[in-house]
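These are my notebook entries on a structure that I had not looked at before. I wrote down each item as I looked it up.

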Amino acid sequence: MILIQLNKDDFEYDIHSLVKAFYPSENISVWTPQKNKKKEIQPISLWLDIEYRQQEIFMLLKAEHASSVWEIAGQAAFPVDFCDRKQTKNLLKQNLYHLLSAHTGQTLPWGTLTGIRPTKIAMNMLESGTPENEIAAYMAHTYETSKEKIDLSIAIAQRELTLLRKLDYVNGYSLYIGIPFCPSTCLYCSFPSYSLKQWADRVDDYLDALEQELSFTAAQFADKHLNCIYIGGGTPTTLTPKQLDRLFSKIESIFDFSNLLEYTVEAGRPDSITKEKLEVLRAHGISRISINPQTMKQKTLTLIGRQHTVEQTVSCFYLARELGFDNINMDLIMGLPEETLEDVQNTMESLRKLDPDNLTIHSLAIKRAARLHMFSEVYAGYKMVNTQAHLDTAASVCRQMGMFPYYLYRQKNMAGNFENIGYAKNGKEGIYNILIMEEKQSIVALGAGSISKHVSLDKQIKRCENVKDVALYIDHIDEMMERKRKLFASNHSC
């Protein structure tokens, strides 16, 4: 275990995230004056002391050399102006990065960047007219980011800016609709989702509540332009054809589609897709769908709890093509248990033959609520590896298919400290995917566990959440609508 001790409650999250990036498999405990110092059961292998002084920050890194014998592994002291919080945070992370890099002999591809939206830095600077070479120099100096990741960030930001010009920032908004039911829960999943077997008799009750929230939103935003609709989950296609038709018909009856640029349904799991459901989606003009294999190795699918076969993925894809879907996304995950580089190469070759319109390449992120983390001792024997070679393999095949990277985001505890990248053919990009990351337009999110974002004219972002529990969502739907009314009626978050 790694122990971090601070003499003041400040920058705990940034420090924890950066240390975790260097030591992804270690448990990390942070002690501050406000946090009770509990007796640690695990032995401590590394001890980091950070002391905030009057005009400087002092760091001391100690490593256990032998039983109860500690030696100094590195130290740093540097002046800061605590009145400038952003600069103080950057200096803190720079010096901590150098300390940990010297001790481990490692560098991180994203340097000190631990947030989920690294392309926002490049995008904001491009929008202000900063030349690309100055953006690159700034990211390298301030965040220790590698040249490869800087080039990737700038290229994606350029593409995003072009795509986002289609949107109405002032009078427009986008809509997210969550269907929180799944056939089963995957090993790595931490999203709020519920087994359809257990909740089948309450799905219509859920749709009743969702329809109330839809009607409320349509009335509240009647004078705004609806640009994107994204129906996600969970797995939206766990709904029956009749239930899907009910939902889409409701949406069509109350929203104006004249400014709609994109209508996506995350079909997701091949074991939830049928011809009848795809026909319903097609009849209602859904412009973009996802069919997500995660891998094309059957043994891995079984291990992670995906109750579908490789053959089902292929047949669902061809069925969707036959029915006329010309914008199909597929998701893959790098770093799944026991997957080798050869497995990734085989998966990418399988997808090259299918020739989807866009691919999202995820680096496995193990969240606290995922079974892979909660029962880590059960899965401790499984090897999980993600390297730049894995990502390069995926990128190479995407280029062969005529795809380019168009959006990027990161998560905590990502395998290899890498990123998730969306690739697409020209004209097939997912605009909503960019919006959720770059936060340029308000998103009204409906359904259990969804989070709405209000982006004001001065670029201030406020949020409010719907409750995650399906039963509570149904019982408290009036409260969910009231939260949104307050969020979008004022400058205050709910």
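In which handedness of crossing does α3 pass α5? I looked this up and found that α3 passes α5 in a right-handed crossing, where right-handed means that the near helix is turned clockwise from the far one by less than a right angle, and left-handed that it is turned anticlockwise.

Before going further I noted the basis of these entries: this is a predicted model, in which local features need pLDDT of at least 70 and side-chain atom pairs count only at pLDDT 80 or more, while totals for chains, interfaces and linings use all residues. Residues are numbered from 1 along each chain as its sequence is written, and side-chain values use heavy atoms, with hydrogens and water left out.

**Helix packing.** I noted that two packed helices are described by the angle between their axes and the distance between the axes. Helix α3 (residues 119-127) and α5 pack at an angle of about 60 degrees, and their axes are 8 Å apart. That makes α3 oblique to α5, since angles under 35 degrees count as roughly parallel, over 145 as roughly antiparallel, 65 to 115 as roughly perpendicular and the rest as oblique. The axes are lines fitted to C-alpha atoms, for helices over the stretch in contact, and the angles run from 0 to 180 degrees between N-to-C directions. Helices (H or I, at least four residues) and strands (E, at least two) are DSSP runs, numbered from the N terminus.

**Backbone.** I kept in mind that most residues other than glycine have a negative phi, and most peptide bonds are trans. I found that the peptide bond from G233 to G234 is cis, with omega near 15 degrees, and that G234 lies in the loop between β9 (225-233) and α8 (241-254). F11, although not a glycine, has a positive phi of about 60 degrees; F11 sits in the loop between β1 (2-6) and α1 (12-22) and is buried, with a relative accessible area of 4%. Here buried means under 20% relative accessible area, exposed over 50%, and partly exposed in between (1.4 Å probe, protein chains only). E439 also is not a glycine and has a positive phi, of about 55 degrees; I placed E439 in the loop between α15 (431-438) and β16 (443-446), and E439 is buried at a relative accessible area of 7%.

**Salt bridges.** How many salt bridges does a search of the whole structure find? The search finds 24, each being a side-chain nitrogen of Lys or Arg within 4 Å of a carboxyl oxygen of Asp or Glu. One of these joins E419 with K149, with the closest N and O atoms 3.0 Å apart. E419 lies in the loop between β14 (404-409) and β15 (420-424) and K149 in helix α5, so the pair ties together parts that are 270 residues apart in sequence. I checked cover as well, and both E419 and K149 are buried.

I then looked at R246 and D208, whose side chains meet in a salt bridge (2.4 Å, N to O). This pair links distant parts of the chain, with R246 in helix α8 and D208 in helix α7 (residues 203-220), 38 residues apart. R246 counts as partly exposed at 25% relative accessibility, and D208 is partly exposed with a relative accessible area of 37%.
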